[in-house]
Amino acid sequence: ALLGLLNVGYVVSEFEIDTPGLLFEQRAGSSWIYKNEYAYPRAWVQSVDGKISSDAGLVWTPNQIQVRASGPGRLVLSEIDYPGWRVEVDGQPDQILSHQGLLRSVLIEDGEHQIVFSLRPKSLTFGLAGFALGVFWLFLAWRFRRSRGDHRDII
C-alpha cells in the first residue's frame, strides 16, 4: 500500500511473494511480476469525505509539475515532500502541505484550478550568489594588478 502512494504499479521480484494487494501477473525468466492493486495515480484529489479522483491535464518535468484539478479537496502528488518546492494555485502562491508525512499536497477550493509546483531550492540561489561573488572578486583582483602595472597572469 505504501508503494502505491508513490505510484508504483508493478513489483518485480526474484522470488514468489504472497502479500495482499500484489496480484501475480506473469513470469519473465526467473523473475515474478506482480501488479500493485493499491497503486494511486501520479496526482489525485482527495475530498474531505476521503473519496479519490484522478485528473487529466498533468504535465510532469524535472523542475515543474502542472496539474489541472477540480476541488474542493486536497491535491496530492505521488512525489516525496522534498524541500525547495513552491506551489501556485491559479497563479497565486500557496502553502505546500505534507500528506501522510511523505507526499506533497495542496488544498484547493471548489471549482477548476491550475496548480503549478516548481523546484527552486535555496541551495541553488546561494550557489549562484557565491559564484557571482567569486567572479566579481576575481575581476577586482585582475583590475587591481593591471592598474599597478603588474601584467603577470594571476592564475
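**Note on a predicted single-chain model**

1. Pro72 is found in strand S7. Most peptide bonds are trans, and most residues other than glycine have a negative phi. Helices (H or I, at least four residues) and strands (E, at least two) are DSSP runs, numbered from the N terminus.

2. On the source: this is a predicted model, in which local features need pLDDT of at least 70 and side-chain atom pairs count only at pLDDT 80 or more, while totals for chains, interfaces and linings use all residues. Residues are numbered from 1 along each chain as its sequence is written, and side-chain values use heavy atoms, with hydrogens and water left out.

3. What secondary structure does the protein chain have? There are 2 helices and 11 strands. Their order along the sequence is α-β-β-β-β-β-β-β-β-β-β-β-α.

4. The overall dimensions deserve a look. The radius of gyration of the protein chain is 24 Å, whereas a compact globule of 155 residues would have one near 15 Å. This radius is taken over C-alpha atoms, and the globule rule is 2.2 Å times the number of residues to the power 0.38. Along the principal axes, the C-alpha atoms fill a box of roughly 80 × 50 × 25 Å.

5. Helix H2 covers residues 122-147, and Leu140 is found in it. Leu140 is 36 residues from Arg104 along the chain, and their C-alpha atoms are separated by 45 Å.

6. Of the 155 residues in the protein chain, 26% are buried. The chain exposes about 10,600 Å², with carbon and sulfur atoms supplying 57% of that area; the area comes from the Shrake-Rupley method with a 1.4 Å probe.

7. Which residues have the most contacts inside the largest nonpolar core? They are Val67, Ala69, Leu75, Val106, Ile108, Ile115 and Phe117, in a core of 14 residues. Strands S4 (43-46), S7 (64-80), S8 (85-89) and S11 (103-119) each give two or more residues to this core, and S7 has the largest share, 5 residues. A second, separate core of 5 residues includes Val11, Leu22, Trp32 and Tyr34. A nonpolar core here is a set of buried Ala, Val, Leu, Ile, Met, Phe, Trp, Tyr and Cys residues joined through side-chain atoms within 4.5 Å. In soluble globular proteins, nonpolar side chains tend to be buried together.

8. Contact means heavy atoms within 4.5 Å. Among contacts with a separation of 6 or more, 51% are between residues 24 or more positions apart. Leaving aside neighbours within four places in sequence, Val106 is in contact with Gly73, Arg74, Leu75, Val87, Val89, Asp94, Gln95, Ile115 and Phe117.

9. Gln64 is in strand S7. Not counting residues up to four places away in sequence, Gln64 touches Val59, Trp85, Val116, Phe117 and Ser118. Gln64 and Arg86 are 22 residues apart in sequence, with 9.4 Å from C-alpha to C-alpha. The relative accessible area of Gln64 is 29%, so this residue is partly exposed.

10. Tyr10 is placed in strand S1. Beyond its neighbours within four places in sequence, Tyr10 is in contact with Glu25, Ile33, Tyr34 and Lys35. Tyr10 is partly exposed, with a relative accessible area of 47%.

11. Two residues other than glycine have a positive phi and lie in loops. Asn7, with phi of about 65 degrees, sits in the loop between helix H1 (2-5) and strand S1 (10-13). Asp90, with phi near 55 degrees, sits in the loop between S8 and strand S9 (92-94). Asn7 has a relative accessible area of 30% and is partly exposed; Asp90, at 43%, also counts as partly exposed.

12. Is Val48 buried or exposed? Val48 counts as exposed, because its relative accessibility is 83%. Its place is the loop between S4 and strand S5 (52-54). Val48 and Arg74 are 26 residues apart in sequence and 8.0 Å apart in space, C-alpha to C-alpha.

Methods:
Buried < 20%, exposed > 50% of the residue type's maximum accessible area, 1.4 Å probe, protein only.
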